[in-house]
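Please read them with the structure open.

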Amino acid sequence: MDSALETQGRQLRLLGADVSILSSSDTALTAAEVSKSEDRILICSPTLFQQVKHLCPDAVCFRPVNKDGDHVPIASILYRFNVHFNTKNILSRCLVCNSEENIKLTLEDLNLLQEYIKNKDFTILNSENENNNFQITLSDMIKSGINVKFREDDNYYFTDKSKAILCKKCGTIQ
Ligand SMILES: [Zn+2]
């Protein structure tokens with residue numbers, strides 16, 4: 001897995017695709033096994049492609065590079081596999097952990113989170129105030145040890161705050 005592929009994987013997730021991103025320490029054998037056991041299409045570098053094909057000739061593999069070695073655009077990958085995506089799936093999935101379990105945040109929720117994270121103070125959630133559903137869920141997440149944080153990524157910025165989500169699995173706000 002190289003960084004260009006990782007970026008493409010996250011772009012696909014952004015569109016709502018179920019993408020599992022392997023780490024750079026994973027071997028061709030792991031990739032072949034994941035592909036087989038989870039019935040996934042492998043999008044991999046030309047080197048890994050050859051290794052996987054050698055180990056597992058019937059694995060569905062794709063090298064997203066053109067003949068000049070440049071990465072092809074995401075649209076080509078979607079076209080290649082005849083993937084149709086629904087606009088309502090956009091931003092439905094966590095870009096960090098791939099989970100679909102998330103809370104859509106209102107601007108008010110977002111401001112609250114910003115304030116809490118800045119002050120590193122979530123104690124207000126433990127008080128007996130009348131918390132709304134969002135605050136109750138947030139409180140439960142924090143109690144179960146989930147680290148609630150904004151996504152750290154140089155390439156990332158909020159394009160549309162009204163579409164922000166909080167991943168219930170890994171606690172990333174994105
Ligand atoms: Zn997540």
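Predicted model: local features only at pLDDT ≥ 70, side-chain atom pairs only at ≥ 80, totals over all residues.

Which residues of helix 3 (residues 46-55) are buried?

1. In helix 3, the buried residues are Leu48, Phe49 and Val52. Their directions span an arc of only 105 degrees around the axis, which places them on the same side of helix 3. In an α-helix there are 3.6 residues a turn, so residues three or four places apart point the same way.

2. The face of helix 3 turned away from that buried side carries Pro46, Thr47 and His54, which are exposed. As for partners, the buried residues of helix 3 pack against helix 2 (28-37), strand 1 (42-43) and strand 2 (61-62).

3. Ala28, Ala31, Ala32 and Ser35 are its buried residues. They cover an arc of only 95 degrees around the axis, and therefore lie on the same side of helix 2. Leu29 and Ser37, on the other side of helix 2, are exposed. The buried residues of helix 2 pack against strand 1 and helix 3.

4. How are helix 2 and helix 3 placed relative to each other, and at what angle do they pack? The angle is about 65 degrees, and the axes are 9 Å apart. Helix 2 is therefore roughly perpendicular to helix 3. The crossing of the two helices is right-handed.

5. The residues that meet in this packing can be named. From helix 2 they are Ala28, Leu29, Ala31 and Ala32, and from helix 3 they are Leu48, Gln51, Val52 and Leu55. Of these, Ala28, Ala31 and Ala32 are among the buried residues of helix 2, while Leu48 and Val52 are among the buried residues of helix 3. Leu29 also takes part in the meeting, although Leu29 is exposed.

6. Just after helix 2, Asp39 has a positive phi of about 55 degrees. Asp39 is not a glycine. Asp39 sits in the loop between helix 2 and strand 1. Is Asp39 buried or exposed? Asp39 counts as exposed, because there are 8 C-beta neighbours inside 10 Å and the cut-off for exposed is 12 or fewer.

7. Lys120 is a second residue to check. Lys120 is found in the loop between helix 5 and helix 6 (133-143). Lys120 is exposed, because 7 other C-beta atoms lie within 10 Å.

8. Helix 5 itself covers residues 107-119, which is 13 residues. From its first C-alpha to its last, helix 5 reaches 18 Å, close to the 18 Å expected at 1.5 Å a residue. Helix 5 is hardly covered, as 1 of its 13 residues is buried.

9. For the protein as a whole, there are 6 helices and 6 strands. From the N terminus on, the order of elements is α-α-β-α-β-α-β-α-α-β-β-β. Along the principal axes, the C-alpha atoms fill a box of roughly 60 × 30 × 25 Å.

10. Of the 174 residues in the protein, 20% are buried. Among contacts between residues at least 6 apart in sequence, 51% join residues at least 24 apart.

Conventions
Residues numbered from 1 in each chain as written. Helix = DSSP H or I, 4+ residues; strand = E, 2+ residues; numbered from the N terminus. Arc of directions from axis to C-beta. Contact = placed C-beta atoms within 7 Å. Expected span 1.5 Å × (residues − 1). Axes fitted to C-alpha atoms, helices over the stretch in contact; angles between N-to-C directions. Parallel < 35°, antiparallel > 145°, perpendicular 65-115°, else oblique. Left-handed = near helix turned anticlockwise from the far one by under 90°.
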